[in-house]
Amino acid sequence: MVVIRLFNEAFSTRFRPIGLTLMLAGLLIWLGLVAASASLGSFNMNLAEVWQTVIGNAPSAQHELVVWEFRLPRTLVAGLVGALFALSGAMLQNLTRNSLADPSLVGISQGAALAVVTMVIVFPEVSGYWREVSAFAGSLLVALAIRVVAGKGNSLKFILMGIGMAALVSAITSAMLTYGDIDRAMSALAWLAGSINSATWSDVKILSVATAALLILYLVQARSMSPMSLGHEASVGLGVNINMLATTQLVTSVLAAALATAVVGPLGFVGLLAPHITRTMVKTGPANFLLLTALNGALLVLFADLVGRTLFAPVQIAAGLLTSLIGAPFFIWLMLSRKSQL
Amino acid sequence: MTSTAQPHSASKLAYSSLGLLIGLAVLIVFFVWHISVGAKSLEFSTVLQALFQYDDSQFSHMIVRELRMPRALIALVVGASLSVAGALMQGVTRNPLADPGLLGLMSGAALAAVLAVTYIGMHTMAWLPLIAAMGALLSALLVWLVASAAPGGATPLSLTLSGAAISGFIGAIISIIHLLNQDTFESLRGWLVGSLSGRDLQELYWSLPWMIVGLVGAVVLAPSVTALAMGDESAAGLGINVVKRKAQLLICVVILTASSVALAGPLGFIGLVIPHVVRMFMGSDYRWIVPYSAIFGAAYLLGIDVLARLLMRPQEIATGLLTAIVGAPLLIYLVRVRIK
Amino acid sequence: MKSIIALFLTLVTAISLAQTRTVASYQGEIEIPANPQRIVALLDHMIMLPLYELDANVVGSVGRQWEGQEPYIRGVRALYQQNFADLGVEFVGTAFSADIEKITALNPDLIITYNFGSESLEQLEAIAPTYVIDADKYSYMERFELLAEVTNTTDVFNAKKAHYDERVAEIQAWLTNPADISVAMAMPRPDSAEITLYRDYGAFSQVANDIGFSLPAFFAEQIGESASAKISIEDLASIDADYLFDTFEPNRGDTATSTIERYNSMIPNWCEAVEACREGRYIPLRRTDSFSMSFKALDYVLAQFATHIAARHELYFNE
């Protein structure tokens, strides 16, 4: 048993050896995937050339461009959005005390999608930067709307409300796609698929700051997490200020998913899958759980992006489509293997 | 046939029948209203002439007979079919949120249609209802199987979640097909929102026999839905073979949904809205809920389609967009009120 | 002597390769090679096809791909029966989601795209100077000319354009007053029971405008300032063109009578309701041939106008 205490006991958690081992293994797999992602692609280069490029002896300007401007930011962004979606999902599941909650099931992705499609079709002259800003605003608005209409409802209400709102918002999005100019509609469709192809270093910066902040915040609050998933009464009994905590966690988890969606488009099911993979792997304390979950999310999206851009190259399959294709069957398996009633 | 509802008092029967007659009258008024409005303004007398003294050399008569009549008829049968399908689903699954769209049937039908159009290069409508039906059946079975296999069985939540997951999966496949193939997206993007325009009577003729089978089946099976809605045990206690009856009802639902999707694309929320409104007035006797849903569902879709053509005249709004805009708030209301 | 000439040629090439010039692109002023040698085209029928005709040095292009089939270049396949392998051009992914690394691997010196493309401009510009055509600002012929200008093929363009202008003048000479004749493109949309009316239908509208045909009043009123507008099939009888054109697409299994069937599926006897059709002045054309950015397409439209309008108008319809 390893006990870590930081910030004058504000952060104190126990890591079981198995949890630590898994984290180490996960990090190794991540490094492996990063190496694979940095060396695989339509631009042919071997591992040695990749290494030379990384340490600053690029064989050519193109090697440098491909590794430093395309593959590395893309690889890092994939990992970071994966981690953000995963943390967001873990928090939403904890808050709603429902293990089937996911950012894409509660209207966050749909809100971003509507905002972006509107931008692409109605205001085509607006730049990509504003597209990201509007995606962010769109998902926040929809999440807020769901929160308002769900009122003080329980988790079931929150999820069902999300599905209803998502259906409404998606209908409007489809209508936009139907009436818009076909070329612009195709362009919007490409974004809706959830692709990481336009990742840049500034995305890496924003996302890593956000991921770090979120991780620290959640780790600090981790101690209160396990009481909360026991249920409202239990946690009040244990002296946790539920409302304050719930509000921060809800807001931050929505912010995280909104930010990730704004950068890469909707990636279905990642927020749902990652926490569950952790749960099936190991039973562990909240802090370890969160770290492992973030890692799982990162691995998942990185893998989806790598497969999507190399399998049928030069035809590109967006990462979001792959995460949906992997995620939905997994979701069903999860429903089936639950021990308790839904 | 096992009848499970309490015998009706004579006055209840009279009221219910009167309501049905009023519904029919509303339906007829909406039908006439529907064929009287459109992009081109026509005198009401011209509309009547087109109906009763048809002259195919007059373009305005053709507008009424060849363009508006088929559309009104399709709105009528699709509205009726989707509402009845929704009513049956809500009864059998005891899920107030059951709707062919929410439970994955529509996306299944849509995927089947997209595949047929893209890969088989199907351009005739003749087999589209059947193909869409198979798609709907497969996804319905999948949703149902998943939900019933989940701990706690087919609860509203498990059905809705499994529907959402399977719809998400199917949606990703449809997206991939569209991204690889702009032509399919271009030709199907109108249909995929749900639209009543551009259908001709030929397509209705292909779907109508299926829908009649489904609707008649629903009416015949309605009494046992009342029993099933009270719980499987009580239904079994009344001598109903629960599994067999549920399978029959599922087939009705699938036929009704799939032929509607084949005709009008995935029109959301009709199957959710109408049965609830009907139940508010009619209680829980499905012998009345089914015919009421059929009639008011037909009138509702006719009315929505009139709005779709009037609101932004001469431009049209996709009918599927309006059904979602009207239906989604109702879903939200239902969740607030009906889910504990 | 030979070696001196060779040296001289190498020098000239080297100088011309090294030279750059500034052009105004959608995103602002950009530096491009004076004589681009390795161009990548990010739209097939509106960039790759015209560049092929201009004999520009293209090394890569997006294409379309149906399941299990060879990728093809829309427009180039229809008009020239040529594909990637025939042209020695690399397939760099499907339209609207090109493979950025494949483009890099081609080492291009100029990338050309439209302002509605979905690839990241920032990344494209990191690979090579990227010329973005503003589809909302320039007309068909202006875009064609710009393509020639940035690819240093203006000579080819001017030669083809001169030939085209001659043929336009020829048809003008055959008609008493082209402005008295209204010509329009409209297409049935049986899926939504609508008809699309066009003001700007690629090559077709370019030729019609150059000859000086007029746009029918109903079209002008419905379309306003846009490129096209949809009307309900109920307004079919308002279509007032003297010569009404339509298109069919053999690539999608159409035959020459497909458009007629499309109208029929919406409303029988439709032809009686439209004056142009009633009088034998409804003419379906091949779609890619009458729309694409291509001198071959322009020639095709010219030939149709010469046959269907210039030759017949004076004889049958000019009272």
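**Aromatic pairs and a helix contact in a predicted model**

Trp270(C) and Tyr282(C) are both buried in this predicted model.

Trainee: How many residues apart in sequence are the parts that the pair of Trp270(C) and Tyr282(C) ties together?

Mentor: The rings of Trp270(C) and Tyr282(C) form an edge-to-face pair, 5.3 Å centre to centre with 75 degrees between the planes. Trp270(C) belongs to helix α12 (residues 270-273) of chain C and Tyr282(C) to strand β13 (residues 282-286) of chain C, so the parts tied together are apart in sequence by 12 residues.

Trainee: How many aromatic pairs does the structure hold over all chains?

Mentor: Ring pairs in chain C include those that link Tyr140(C), Phe144(C), Phe157(C), Tyr164(C) and Phe295(C) into a cluster. Over all chains, the number of aromatic pairs is 20.

Trainee: How many residues apart are Phe245(C) and Phe305(C)?

Mentor: Phe245(C) and Phe305(C) are both buried. Phe245(C) sits in strand β12 (residues 243-248) of chain C, while Phe305(C) sits in helix α15 (residues 295-317) of chain C. The pair links distant parts of the chain, and the separation is 60 residues.

Trainee: Are helices α1(A) and α12(A) roughly parallel or roughly antiparallel to each other?

Mentor: The axes of helix α1 (residues 17-39) of chain A and helix α12 (residues 286-310) of chain A come within 10 Å and cross at roughly 20 degrees. Angles under 35 degrees count as roughly parallel. Therefore α1(A) and α12(A) are roughly parallel.

Trainee: Is the crossing of α1(A) and α12(A) left-handed or right-handed, and how many residues of the contact are nonpolar?

Mentor: The crossing of α1(A) and α12(A) is left-handed. Residues making the contact include Leu20(A), Met23(A) and Trp30(A) of α1(A), and Leu295(A), Phe303(A) and Arg309(A) of α12(A). Of the residues in the contact of α1(A) with α12(A), 1 is charged, 4 are polar, and the nonpolar ones number 16.

Trainee: Does Val32(B) count as buried or partly exposed?

Mentor: Val32(B) lies in helix α1 (residues 10-36) of chain B. Buried means under 20% relative accessible area, and exposed means over 50%. At 27% relative accessibility, Val32(B) therefore counts as partly exposed.

Trainee: What distance separates the C-alpha atoms of Val32(B) and Leu302(B)?

Mentor: Val32(B) and Leu302(B) are 270 residues apart along the chain. The separation of their C-alpha atoms is 9.7 Å.

Definitions and conventions: Residues are numbered from 1 along each chain as its sequence is written. Chains are lettered from A and ligands numbered from 1 in the order in which they are written. This is a predicted model: local features need pLDDT of at least 70, side-chain atom pairs count only at pLDDT 80 or more; totals for chains, interfaces and linings use all residues. Side-chain values use heavy atoms; hydrogens and water are left out. Axes are lines fitted to C-alpha atoms, for helices over the stretch in contact, and angles run from 0 to 180 degrees between N-to-C directions. Helices (H or I, at least four residues) and strands (E, at least two) are DSSP runs, numbered from the N terminus. Angles under 35 degrees count as roughly parallel, over 145 as roughly antiparallel, 65 to 115 as roughly perpendicular and the rest as oblique. A crossing is left-handed if the near helix is turned anticlockwise from the far one by less than a right angle, and right-handed if clockwise. Contact means heavy atoms within 4.5 Å. Ala, Val, Leu, Ile, Met, Phe, Trp, Tyr, Cys and Pro count as nonpolar, Asp, Glu, Lys and Arg as charged, and the others, Gly among them, as polar. Rings of Phe, Tyr and Trp (its six-membered ring) pair if their centres lie within 6.5 Å; planes under 30 degrees apart count as stacked, over 60 as edge-to-face and the rest as tilted. Buried means under 20% relative accessible area, exposed over 50%, partly exposed in between (1.4 Å probe, protein chains only).
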